Amino acid sequence: GIDDIVERIFMRTGDVSKIFLIGDYAKGLDTGLIEIVVVGDNLDQEYLNQVASKVSKEIEKKVVLSVSRSSVTNGLLIFEA
């Protein structure tokens, strides 16, 4: 699940500094939607969209990956460089 998503993000995404889990999953609710914010510079949003689509099919949950240049205050930090 989430470990696979994080691993795929690092394959080709750019300079990732932090990854946050937000939304229902960050609150411990399994609603079928996994929302992740990737923080860093020169991140490839197109690649992240491809990763989200592939992982969504594999785990049968909707995955949304978004990019930010600054930290998230209302999420669960799952990676920090």
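Predicted model: local features only at pLDDT ≥ 70, side-chain atom pairs only at ≥ 80, totals over all residues.
1. Contact here means that heavy atoms lie within 4.5 Å.

2. Ser 56 has its place in helix α3, which covers residues 45-59. Because its relative accessibility is 16%, and buried means under 20%, Ser 56 counts as buried. A polar atom of the Ser 56 side chain lies 2.7 Å from the backbone oxygen of Ala 52.

3. Turning to the strands, the model has an open sheet of four strands, which run in the order β3-β2-β1-β4 and show mixed pairing. The edges are taken by β3 (62-68) and β4 (76-80), each of which has a single partner strand, so that one side of each is left without a neighbour in the sheet. On average, neighbouring strands of this sheet are turned by 25° against each other, direction ignored.

4. Within the sheet, strand β1, made of residues 15-22, pairs with strand β2, made of residues 33-41, in the antiparallel sense and over seven bridges. Val 16 stands opposite Gly 40, which belongs to β2. Helix α3 packs on the sheet, where it touches β2 and β3, and the direction of α3 makes about 160° with that of β3.

Technical notes: Residues numbered from 1 in each chain as written. Heavy atoms only, no water. Helix = DSSP H or I, 4+ residues; strand = E, 2+ residues; numbered from the N terminus. Buried < 20%, exposed > 50% of the residue type's maximum accessible area, 1.4 Å probe, protein only. Polar contact = N/O pair within 3.5 Å; in protein donor to acceptor, adjacent residues only side chain to side chain. Pairing = 2+ DSSP bridges. Axes fitted to C-alpha atoms, helices over the stretch in contact; angles between N-to-C directions.
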